[in-house]
There are 2 protein chains.
Amino acid sequence: MTTAIIARPLTRDSFAAFGDVIDTDCDTHYPINAGKCERYHDLAKVEVAGPNCRVLISIFCGTPYAFPLQLSMVERHPFGSQAFMPLSPRPFLVVVCPDEPDGPGVPQAFVTAPGQGVNYHCNVWHGVLTPIGEPQNFVVVDRGGDGSNLEEFYFSHPYEIQLPEGFAA
Amino acid sequence: MTTAIIARPLTRDSFAAFGDVIDTDCDTHYPINAGKCERYHDLAKVEVAGPNCRVLISIFCGTPYAFPLQLSMVERHPFGSQAFMPLSPRPFLVVVCPDEPDGPGVPQAFVTAPGQGVNYHCNVWHGVLTPIGEPQNFVVVDRGGDGSNLEEFYFSHPYEIQLPEGFAA
């Protein structure tokens, strides 16, 4: 049997247990460069640990997934956070799970607003990068170094992730 | 007297002495997520130093500058690198200077291609964020922590930075 989950809009409050929302809808901003630029400051907790760790900047070019999405796997990174900022103003799907004694719990699904990115905190279960409708590029800030920084979990039954009603995929 | 400098296209080779070009025009990429995503890996050297240092992710919302640009000041960050990745596919101006015994040398000016970002290496003289023609948002990866991480230098005579011929500002 497949459990259906309807994605909801991404907000700081709903995502706080899993990571950071990276957008300009926050109070921590101030002008720089003689007022020509507004800095929305320190929006994500960047975490790196483990042997020879360092922070990486990469670009991910993702292809879209069909919806409803059959979610059979989530992953996590024990040695570091992972931030995704879209380079085009389109929504994408964000899936996270609480960590429970037997592995990831029931997934929570979010759809970003245009211009929103996310940062998964270290060791938080999450779905793979999931563009909606079109290919999408992202700048990614995550961890390099030695050691195994990827853990995958396959659900015994996939979840079905649905977009909100009226959402054009 | 004002010295005129014409900006040229940004390339890895021409920028190598100052920092990293962040784009997908590189060989260091490989598929992940069962082939659904291409990772352009480790495109910038992220540097943080000094007391209580850490890596920050911020968003900068920049307003455009008029051209030809009167460049009267450059700055540098002794404790960290600073990466700028545009969140819209528009060019922006990149100005850097070699470090010479009396301060920054003659500026070099570049215009990015759509989708290119830059990472200024630690302590490299550079101009402030300079969108062209329209406001532009950037994700910025730089350094937080204690200590003074900003040094500014004012030229005795401003330089005039011009866009390449035929470039629509």
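Reply: The largest pocket has a volume of about 670 Å³. A pocket here is an open set of points on a 1 Å grid over the protein atoms alone, where a 1.4 Å probe fits, with protein on both sides within 12 Å along at least five of seven lines; its volume is the space filled by probe spheres set on the points, which are joined across faces, edges and corners. This is a predicted model, in which local features need pLDDT of at least 70, side-chain atom pairs count only at pLDDT 80 or more, and totals for chains, interfaces and linings use all residues. Residues are numbered from 1 along each chain as its sequence is written, chains are lettered from A in the order in which they are written, and side-chain values use heavy atoms, without hydrogens and water.

The lining comprises 36 residues, each with an atom within 4 Å of a point. Nearest the centre lie Glu75(A), Val128(A) and Leu150(A), together with Ile32(B) and Asn33(B). Strands (DSSP runs of E, at least two residues, numbered from the N terminus) that give two or more residues are E6 (54–62), E7 (69–76), E8 (82–86) and E16 (136–144) of chain A, and E4 (29–32) of chain B. E7(A) gives the most, with six residues.

By class, 15 lining residues are nonpolar, 15 polar and six charged. Nonpolar covers Ala, Val, Leu, Ile, Met, Phe, Trp, Tyr, Cys and Pro; charged covers Asp, Glu, Lys and Arg; the others, Gly among them, are polar.

How values were computed. Helices (H or I, at least four residues) and strands (E, at least two) are DSSP runs, numbered from the N terminus.
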